[in-house]
Structure formats: C-alpha cells, structure tokens
Amino acid sequence: MKKIVLSSLCLLWVGNCLFAQNSLQQYTPSILLNKGQMELKVFNNLYTQTKVRDEDGTNIELGERQSFLNNQIRYLYGLSKEARFNIGLETNLTTAWYGSESSDLMFTSIGPTLKFVPIKNLGNFSVQSTFLFPLNRDDLEKPFINHNRYTWWTQFFYDHSINSKLNLFLEADLIYRFAVEDYQNDFFRTPLSLIVSYFPTSKLTLYTNVQYAPAYGKLPGVEDIEFGRMRWFTQLGLGTKYLIQSNLELELSYANFVLSKRDGAGSVYNFGIRFLR
C-alpha cells in the first residue's frame, strides 16, 4: 500500500506571529507583520508509522517503519502600515524512509504566499493563501516521497482570548491538489483545527490541539466510484513554545493519528524555529 502523508498539515499549529510585545499571548496566528517587518520560519515535521487503517478503520501492519521528514522554510514581509497585508515565499525539502531504504533530501515544492486581514475591524481573523509548484517528479517504481502536484493551500485563522491565561484558536483550511500526470486525479482536504493555549509565564506557552482532516476525490485505480470522501484522519496533540529572545522562538510538539479511515495511523513530531525583525 503506497501511503500518501500530508505532513504539511502539522504546520497548522504554527501561526505567523508578531514579536512586538514580550508576551506569547500576543503571538497569535491571526496577527500580521507591520510594514517593513520580516519573518523567517523553519519548521521540521516528521511523520512515522508502522501501520495504516483501511476503509473500516482496522489497523493494517506494514511490516516496516515508514517515515517522512518535511522541512518547510517560509519568509514573510509586511506591506501595510495597518498590518493588513503580508507577502512571502515558501519552499519545502523532503525525504522519506521505507524500512532500510531511504530517499535523497530534495526540494519538493516552492511558491508565493499572501496573508491578509479581510475585515478591517476584525484583526483577530485573517486569511493566508499559498500556491506551491512541484519540483519533484513521481516515479511509480520508487516509494512515495511527496505530492507531485500543484497545491493551493488557503487557511482561515481566528483566535479568541478566554482570559489572561487561556487562548482559543480555530482554523479551517482548503488544500487543493491539482493533477499533473494522466494517471492522477484532483483531490482536496478540508482540515478543521482547534487549539487551546495556556500561558504560565510571558515567555512560555503550552497547548493542546485536535484536528479532523477529510480528503475528497476519486480513489486512484477505481474507475466506477463517484467523487466523494476518500479518506480522513483525526489527530490529537500537545505542544510548547518558548521565547528565547524578543525576536526568536522555539516550538516542540507531538501528535498521534488516533482515528482514521483509508489513512495513516502514525505519529508526528515537530520542531520549529521562528525569527523576526
């Protein structure tokens, strides 16, 4: 079974944050950069599994460990004095392991990013849209590494401060993957995410998250099936962020695919570094 892992979904937990004040409660994913500010983010995401789940949600042992490492590098720049428009560039480097077999680390996609606040008086609601061009070519004789498809990923961010110590974050996404080969079909995912963050100090945050991510399309190799929900997964996770300096932040997180159908049954480990000036 060729397992296709959407590792970039783990990045949903990491917003593009503004280091204007010495409190992590100000660094919400909805906040945009001011004019002239720049942000560089490197986010490393490792998904690993020894089993997947079938259409009934039953575990299927793979007989080997499969792991997929994605390294996202994203640059953002502020265009607006009112912090309503940011532009940037994203690129991804990916490698994979299938038991003892491994692939080379390679650039798999690159493309522009636009982030904006659509409603002027609602600064805690923003939209980010990225269009990625594939840099790798599918080889059906070799293990899967990453999607050889054009990808349009749009994210809707909203956050709400519950009190001085708690924050609620909601995200809805549309990730559309366009076929580039005759044997491929278009498909898309619509992940929904919820994160609750706790701030014990001004430099430390702890959070827990849940995400449901269905995929819609036609199953590959099945000609008579109608377009619909192909597969889905639900993941639960924990994470922490720490502000080393006023413009440098580290993040660690873990998540497990607790439920799924025709999808993965593994775990995700993340490490991120973010710098702003």
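Two strands are taken as paired if DSSP finds at least two bridges between them. Strands themselves are DSSP runs (E, at least two residues), numbered from the N terminus. The model is predicted: local features need pLDDT of at least 70, side-chain atom pairs count only at pLDDT 80 or more, and totals for chains, interfaces and linings use all residues. Residues are numbered from 1 along each chain as its sequence is written, and side-chain values use heavy atoms, with hydrogens and water left out.

Strand 1 has several partners. With strand 15 (residues 267–276), strand 1 pairs in the antiparallel sense over 10 bridges. Within this pairing, Phe 43 has Gly 272 of strand 15 as its bridge partner. Strand 1 (residues 38–53) is also joined to strand 2 (residues 59–78) by 15 bridges, again antiparallel. Here Glu 39 lies opposite Leu 76 of strand 2. Five residues separate strand 1 from strand 2, and the two strands form a hairpin. In its turn, Gly 57 has a positive phi of about 80 degrees. Strand 14 (residues 263–264) runs antiparallel to strand 1 and is joined to it by two bridges. Val 52 faces Gly 264 in that strand.

Leu 40, Ile 73, Tyr 75, Tyr 77, Leu 79, Phe 85, Ile 87, Leu 114 and Phe 275 make a nonpolar patch of about 710 Å². Two or more of these residues come from each of strand 2 and strand 3 (85–98). Strand 2 gives the most, with three residues. Patch residues have over 30% relative accessible area and no salt bridge, and their nonpolar side chains (Val, Leu, Ile, Met, Phe, Trp, Tyr) are joined within 5 Å. A salt bridge places a side-chain nitrogen of Lys or Arg within 4 Å of a carboxyl oxygen of Asp or Glu. Areas follow the Shrake-Rupley method with a 1.4 Å probe; for residues, only the protein chains shown count as cover. Ile 87 belongs to strand 3. Its relative accessibility is 38%, so Ile 87 counts as partly exposed (buried is under 20%, exposed over 50%, partly exposed in between).

The largest nonpolar core has 10 residues: Tyr 47, Phe 68, Ala 96, Tyr 98, Phe 144, Ala 213, Phe 233, Ala 255, Phe 257 and Val 268.

Thr 234 lies in strand 12 (residues 228–245). Thr 234 is buried because its relative accessible area is 13%. Neighbours within four places in sequence aside, its contacts are Val 210, Gln 211, Tyr 212, Asn 256, Phe 257, Val 258 and Leu 259 (heavy atoms within 4.5 Å).

Conventions
Helix = DSSP H or I, 4+ residues; strand = E, 2+ residues; numbered from the N terminus. Patch = residues over 30% accessible without salt bridge, like charges linked within 9 Å, V, L, I, M, F, W, Y side chains within 5 Å. Buried < 20%, exposed > 50% of the residue type's maximum accessible area, 1.4 Å probe, protein only. Core = buried A, V, L, I, M, F, W, Y, C linked by side-chain atoms within 4.5 Å.
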